[in-house]
Amino acid sequence: MKKTLHEIMNHEYLMTNGLGGYSFGTLDQVNCRKYHSLYTVSYNPPIERMHLISKIQELIIIDGKSYPLTFENVSSETETVSNLINFTHEGIIEQWFQIEDANVSVERTIAMKYGTNQLAVRYQVASEKSLKIDLTPLYNFRDHHDTITPELKTYNEVYDLTNQVLEVNSKGKSVFMKIESHDKVFFHANRGYSDESYYPIETQRGYPDREKHVIVGTFSLELEPGESTIDILVNITNDFLSAETIFLSRKVRFNDLMTKAGASSMPLKRLVQAADDFIVYRKSTGKMTIIAGYPWFTDWGRDTMIAIPGLTLETGRSAEALQMIEGFLEMSHMGIIPNNFPDEGQAPMYNTSDGTLWLFNAMYAYYKATSDLKAVERCYPQMMSIINHHIQGTINDIYMDADGLLSTGNEETQLTWMDVKVNGWVVTPRHGKAVEINALWYNAIAIMHEFTQLLDVKSENIDIDFNVLMKKIKKSFNDAFWNEKDQNLYDLVIDGKPIDIPRPNMIFSVSLPFAVLDEGRWKPVVDYVMAHFKMPYGLLTLRREDENFQGTYSGDLLSRDGAYHRGTAWGWLVGPYLEAHFKTYHDLLYIKSSLDTLIVHLDEGVHGSISEIFEGRAPYAQRGCPAQAWSVGEAIRIWKLVYSK
């Protein structure tokens, strides 16, 4: 079958190991990103990720003629042959290849043992003729963000003939590979470089797009007619479980995840499987956290708190949700939780005004799911301290103004989720009083009011009358943000002056558990968002009528960041939009129809997952991070919301 480059690069698989490591590639095994890698591990979970094995080249030789199973290099102008005929991912990844000219079929199975760096790859080969198969690993020990051709002289290999284990090391890092088969294995040392790999997605993103990999040798096996099995085991230490053990462990995990989540339909099963990719262990805190997106993000406070309800609470993983909340609370500074942890392991960054407020929402969702009042009591003092810091004023010019509304940042800062700043350019200035920040602020105060009552905290023991403050914030919000002329909400108020640049952020005034917007105004706001921002997979970040609208997301960093919040659509926003629509109209058929549309995307990009963003114009191509935690989390949350009715 012939496939275009576009067809190949827009269909990917992802397998993660709960530590930040992953196996990631196209279904056809044509590497189209610098991040595509058979084997990437985290040396300081979930960060400091190293790309170690790019792929294994498989070559089948019959009657002296060679047939590659998969391909590495694809010209941007031409089509290429694909031998792939089927693909599934239910705990383990299975790919079926058919080489029609040679009448050979190969089933290729991949799995990483959860919580370890152990990887298994199995080839089950069926042929009517005897054949030889050559398996050539391509190595490139580099930071997973880089694109380099390594120095061959820094790579060393040792092959243990007795145990059929190959060790490759470079600059203090090692990878061990063990081959198991009933057929005799031959290792042919052949040091050199692979052909040049071309990464068309990096071309599209404006990054270096070519590199070579190191070859140290090839494993050859001569197979008799019939069926043969070859297992390849990979680890960063010379310890191996059997492939069967690794595959079985992932199948058991898959079934356990589905049972916990109550997932019976195939779309929900796929989303729950995707959810598991993002939930990882953080070594520095000893607690679970959420990777914001694969392949390039680490764990972000904002993304984690938004994703918690869908990824954990709706999938039966409440204990992990509480770990995450408590872990971020423990690392709060001056009433602000970390916004993100850099991939290189530096100190966390606290440049957020909404991540901390989303924590209150996550904690409230946790309580509603578990009725765990002891956990609320344990977290209450820290949450109270956060509220006091916001009222009194804290870092990044975050403070409660006299009207009860929250003002955050200045001309130099980007603290909301629309946070791009590139080369000193603040792309979407949103300092002052932002609409969703104050919807979240009201929601946090209302949650603390409820927790205070549940815990029976005496008024003399706190300095805040939450009920009075709630009323003040609600009145000020509706006075300041309501745009009577257009029947919508201003996105921003700076120094008492509303900024009339409509954005989808107004939807949070309806969608949050405690809606700050007067109920009589819900319908016009939901209708406005539906008319101006709704697209199949999310919400646009700017109206198409706006002169700054950029519906195309491509090119170098400056070009892409210029469109990031000025025209692209974000997948996670489908959650608050559909929730607000349901609260307003109670139209289950509309919500289910919208979810059905979203589910189509599960067969695009990373199969089973949902992308970070989409272009603002048809055909709404997926862009940005191809597997995004809060996109998946919100899809699960809304799915459970409507299908539990």
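In this predicted model, the protein is built from 16 helices and 39 strands. Its radius of gyration is 26 Å, close to the 26 Å that the globule rule gives for 645 residues, so the protein is as compact as a globular protein of that length. Here are some whole-protein values to keep at hand.

| Property of the protein | Value |
|---|---|
| Span of the C-alpha trace along the principal axes | about 85 × 50 × 50 Å |
| Buried share of the 645 residues | 61% |
| Share of contacts with a separation of 6 or more that join residues 24 or more positions apart | 66% |
| Accessible surface | about 23,600 Å² |
| Share of that surface belonging to carbon and sulfur atoms | 49% |

Now to the interior. In soluble globular proteins, nonpolar side chains tend to be buried together. The largest nonpolar core here has 147 residues, and Leu311, Met363 and Phe451 have the most contacts inside it. Helix H9, covering residues 435–454, gives the most to this core, with 12 residues. A second, separate core holds 56 residues, among them Ala111, Leu166, Val175 and Leu221.

Leu311 deserves a look of its own: leaving aside residues up to four places away in sequence, its contacts include Ala275, Phe278, Ile279 and Ile290, as well as Ala629, Val632 and Ile636.

Next, the strands. Eight of them form an open sheet with antiparallel pairing, in the order E8-E9-E10-E11-E20-E15-E14-E13. Strands E8 (84–90) and E13 (155–160) stand at the edges with a single partner strand each, so one side of each has no neighbour in the sheet. From one strand to the next, the twist averages 15°. Within this sheet, E9 (residues 92–99) and E10 (residues 104–112) run antiparallel and are joined by 7 bridges; Gln98, for instance, has Ser105 in E10 as its bridge partner.

Notes
Residues are numbered from 1 along each chain as its sequence is written. This is a predicted model: local features need pLDDT of at least 70, side-chain atom pairs count only at pLDDT 80 or more; totals for chains, interfaces and linings use all residues. Side-chain values use heavy atoms; hydrogens and water are left out. A nonpolar core is a set of buried Ala, Val, Leu, Ile, Met, Phe, Trp, Tyr and Cys residues joined through side-chain atoms within 4.5 Å. Buried means under 20% relative accessible area, exposed over 50%, partly exposed in between (1.4 Å probe, protein chains only). Helices (H or I, at least four residues) and strands (E, at least two) are DSSP runs, numbered from the N terminus. Contact means heavy atoms within 4.5 Å. Two strands pair if DSSP finds at least two bridges between them. Axes are lines fitted to C-alpha atoms, for helices over the stretch in contact, and angles run from 0 to 180 degrees between N-to-C directions. The radius of gyration is taken over C-alpha atoms; the globule rule is 2.2 Å times the number of residues to the power 0.38. Accessible areas come from the Shrake-Rupley method with a 1.4 Å probe; for residues, only the protein chains shown count as cover.
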